[in-house]
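Hi,

Here is the structure I promised to pass on. Have a look at it first, and then read my notes below.

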Amino acid sequence: VAGQVDWDDPVSVGRIVDSIQTILEDAIQSLDLERQRQQESEIQKPKDTISVIRKITVVQGRGFYTYCPGPVAPFLRVEYYDPKLRWKVKMMLERGFQVPLSFFPDPHQY
């Protein structure tokens, strides 16, 4: 399908890194906003938003959770500013977040 991201091609994945970073950061920030709304009964000074994601890059390698006999594949490396906040990144990646349909693999290819 034209416009689909080819997740086996590092150049194709590299084209969406900025979008993924923005979407992931926004999703993480929305967690904090929801938490603040739940605590609004307490009188607090609103917190400034602090970026969690430093940079996302594409790296080549083999999967390390399973045996992968095939060629190396692109992975997204997520760098963050504060190691204490890595749980937020991990949680969002595990839960999932909304991305454009073109980011999904072509179902005919896989």
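To start with the surface, the protein exposes about 8400 Å², and carbon and sulfur atoms supply 55% of that. Accessible areas here come from the Shrake-Rupley method with a 1.4 Å probe, and for residues only the protein chains shown count as cover.

Some housekeeping before the rest. This is a predicted model, so local features need pLDDT of at least 70 and side-chain atom pairs count only at pLDDT 80 or more, while totals for chains, interfaces and linings use all residues. Residues are numbered from 1 along each chain as its sequence is written, and side-chain values use heavy atoms, with hydrogens and water left out.

**Layout**

You'll find three helices and two strands, running α-α-β-β-α along the sequence. Both kinds of element are DSSP runs numbered from the N terminus: helices are H or I with at least four residues, strands are E with at least two. Of the 110 residues in the protein, 22% are buried. Buried means under 20% relative accessible area, exposed means over 50%, and partly exposed is in between (1.4 Å probe, protein chains only). Looking at contacts (heavy atoms within 4.5 Å) with a separation of 6 or more, 65% are between residues 24 or more positions apart.

**The core**

The largest nonpolar core has 16 residues, and L24, I28, I53, I56, V89 and M92 touch the most other members. Helix α2 (17–38), strand β1 (53–61) and helix α3 (86–95) each supply at least two residues of this core, with the largest share, six residues, coming from α2. By a nonpolar core I mean buried Ala, Val, Leu, Ile, Met, Phe, Trp, Tyr and Cys residues joined through side-chain atoms within 4.5 Å. In soluble globular proteins, nonpolar side chains tend to be buried together. As for I56, its contacts beyond four places in sequence are V17, I20, Q21, L24, L76, R77 and V78.

**Helix α3**

The buried residues of α3 are K88, V89, M91 and M92. They sit on the same side of the helix, because they cover an arc of only 165° around the axis (taken from the directions from the helix axis to the C-beta atoms). K88 touches I28 and D32, leaving out residues up to four places away in sequence.

On the face turned away from the buried side are the exposed residues K90 and E94. These two form a salt bridge, with their closest N and O atoms 2.8 Å apart, and they are four residues apart, about one turn of the helix. Just after α3, G96 takes a positive phi of about 95°.

**The other salt bridge**

The structure holds two salt bridges, counting a side-chain nitrogen of Lys or Arg within 4 Å of a carboxyl oxygen of Asp or Glu. R54 and E79 form one of them, at 2.5 Å between the closest N and O atoms. R54 is in strand β1 and E79 in strand β2 (residues 73–80), so the pair ties together parts that are 25 residues apart in sequence. R54 is partly exposed at 43% relative accessible area, and E79 is partly exposed at 23%.

**Around α1**

S12, in helix α1 (residues 10–14), is buried at 6% relative accessible area. Beyond four places in sequence, S12 touches Q4, V5 and D6.

Cheers
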